[in-house]
Amino acid sequence: MKILNESQHEFNFFLNTLPSKRLIKSVQEKKFDALFLMAMIWLPKSTHSYLTKTKFSVTVANELYALKENALDQSYFDNLDELTKAGVLGYSYKFAGYNTDQMFLSNVHKMSLTRSEVHVARMVLFKRAEIGIIGNLASQYFKKTKTNTIDMSLLYKSDIPDQIYNTAFLVNQQSSTITAYKFDEVLKLPTVKNKLNDLFKKYGIDSSVKPW
């Protein structure tokens, strides 16, 4: 948000972080101007009619990871039903039919839900789950920053992700504050583009960003 605000004075951007249930409720009540890099499929179909995507987008893949000492080859991922899994509370997964109910995921898919992908990676590394579902942006960030508690070199990735999404800024068409077109105009400002490109490279996610 700092990059967007420093580069222009027409709009004042600020980010309000919400838990998934509160976020969906806010979207259904239309109490927002724009959503930060989301896919339509993550939201109820009833909200799609008043959402518009920016052309700027970032590709997000939900990748499957296991400990290398357990997964000798790709066949390890052939039958996910038999494996315990870790994911993020509120996130939707293709293998579970996009059902986000915590009890359903626990009982049917042997899945433990946690607050973030940092915790998902730790659960696999500490042998509390056999499979961790981690987004490609998070995994690239972990590799780039090389934190003491998350060593991605110990994990083995499935060649086939659970799902691939194109995320964008989703703008509320009924908001009078900003349109998707104006949002794209801000993102295309030279100062914004240059700073964002530097930021994406810093955290190793530039390959996932669709060129402006």
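Which backbone oxygen does the side chain of Tyr165 reach? That of Ser92, at 3.5 Å.

This is a predicted model, where local features need pLDDT of at least 70, side-chain atom pairs count only at pLDDT 80 or more, and totals for chains, interfaces and linings use all residues. Residues are numbered from 1 along each chain as its sequence is written, and side-chain values use heavy atoms, with hydrogens and water left out.

View 1. Tyr165 sits in strand S7 (residues 163-172); strands here are DSSP runs of E, at least two residues, and helices are runs of H or I, at least four, numbered from the N terminus. Tyr165 is buried, at 4% relative accessible area (buried means under 20%, with a 1.4 Å probe and protein chains only). Leaving out residues up to four places away in sequence, Tyr165 touches, among others, Ala39, Trp42, Val58 and Tyr98 (contact means heavy atoms within 4.5 Å). Trp42 is 123 residues from Tyr165 in sequence, yet their C-alpha atoms are 9.7 Å apart.

**View 2. The largest nonpolar core.** Of its 30 residues, Tyr76, Ile131, Ile134, Phe142 and Leu155 touch the most other members. Such a core is a set of buried Ala, Val, Leu, Ile, Met, Phe, Trp, Tyr and Cys residues joined through side-chain atoms within 4.5 Å. Elements giving two or more residues include strand S2 (51-67), helix H4 (117-125) and helix H5 (136-145). H4 gives the largest share, five residues.

**View 3. The second core.** This one is separate and has 18 residues, including Ile178, Val192, Ile205 and Val209.

Notes. Buried means under 20% relative accessible area, exposed over 50%, partly exposed in between (1.4 Å probe, protein chains only). A polar contact is a pair of N or O atoms within 3.5 Å; within protein, one must be able to donate a hydrogen and the other to accept it, and residues adjacent in sequence count only if both atoms are side-chain atoms.
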